[in-house]
Amino acid sequence: QVQLVESGGGLVQAGGSLRLSCAASGRSFSSYDMGWYRQAPGKEREFVARINWSGANMTYADSVKGRFTISRDNAKNTVYLQMNSLKPEDTAVYYCAARPTIVAPFSYWGQGTQVTVSS
């Protein structure tokens, strides 16, 4: 069982930066594939980024590639999402997610943190 708690959201101007954190509980965190998703008002939840258990392999949505960086600190049971050059279209609730292997669906979710980017 893994419990996830996101933090770090807020209001920022376009072009600014934010760093989201996701604190995980559970002894298996270091073996889990971790991800970030987001959901804007009136839209479906969409994939943002993922990182494998060791931190050596990452995948990004095209819309955030080159601007966002996902990382993890297994000693702290935490995964991060550094967001730079933010755009108004990045406004959404951001969710942290976990899965036991890369071939499994994301089955553990946090409660989400709001990111609002003003123009």
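Is V103 buried or exposed? V103 is exposed, with a relative accessible area of 76%; exposed means over 50%, buried means under 20%, and partly exposed lies in between, as found with a 1.4 Å probe and protein chains only.

## Basis of the report

This is a predicted model, in which local features need pLDDT of at least 70 and side-chain atom pairs count only at pLDDT 80 or more, while totals for chains, interfaces and linings use all residues. Residues are numbered from 1 along each chain as its sequence is written, and side-chain values use heavy atoms, with hydrogens and water left out.

## Overall architecture

The protein contains 0 helices and 11 strands. Helices (H or I, at least four residues) and strands (E, at least two) are DSSP runs, numbered from the N terminus. Along the sequence, the pattern reads β-β-β-β-β-β-β-β-β-β-β. The radius of gyration is 13 Å, close to the 14 Å that the globule rule gives for 119 residues, so the protein is as compact as a globular protein of that length. This radius is taken over C-alpha atoms, and the globule rule is 2.2 Å times the number of residues to the power 0.38.

The C-alpha trace spans about 40 × 25 × 25 Å along its principal axes. Of the 119 residues, 45% count as buried. Among contacts (heavy atoms within 4.5 Å) with a separation of 6 or more, 54% come from residues 24 or more positions apart.

## Surface and charge

The protein exposes about 6,100 Å², and carbon and sulfur atoms supply 49% of this area. Accessible areas come from the Shrake-Rupley method with a 1.4 Å probe; for residues, only the protein chains shown count as cover.

## The disulfide

A search of the whole structure finds 1 disulfide, a term that denotes a pair of cysteine sulfur atoms within 2.5 Å. The link joins C22 to C96, with an S to S distance of 2.1 Å. The pair connects distant parts of the chain: C22 belongs to strand β3 (residues 18-25) and C96 to strand β9 (residues 92-99), 74 residues apart.

The angle about the S-S bond is -80°, and the link of C22 and C96 is left-handed. Both C22 and C96 are buried.

## Two buried strand residues

S21 is found in strand β3. This residue counts as buried because its relative accessibility is 16%. Beyond residues up to four places away in sequence, S21 touches V5, E6, S7, W36, T78, V79 and Y80.

Y80 lies in strand β8 and counts as buried, at 12% relative accessibility. Leaving aside neighbours within four places in sequence, Y80 is in contact with R19, L20, S21, W36, T69, I70, S71, R72 and D73. The C-alpha atoms of Y80 and L20 are separated by 5.5 Å, although these residues are 60 positions apart along the chain.

## Residues in the loops

Two loop residues have positive phi values without being glycine. N77, in the loop between β7 (68-73) and β8 (78-83), has a phi near 55° and is partly exposed, with a relative accessible area of 23%. S85, in the loop between β8 and β9, has a phi of about 50° and counts as partly exposed at 42% relative accessibility.

A14 is placed in the loop between β2 (10-13) and β3. A14 is partly exposed, with a relative accessible area of 42%. Leaving aside neighbours within four places in sequence, A14 is in contact with L86, P88, V117, S118 and S119. The C-alpha atoms of A14 and G66, 52 residues apart along the chain, are separated by 16 Å. V103 is found in the loop between β9 and β10 (108-109). V103 and D33 are 70 residues apart in sequence and 9.4 Å apart in space, C-alpha to C-alpha.
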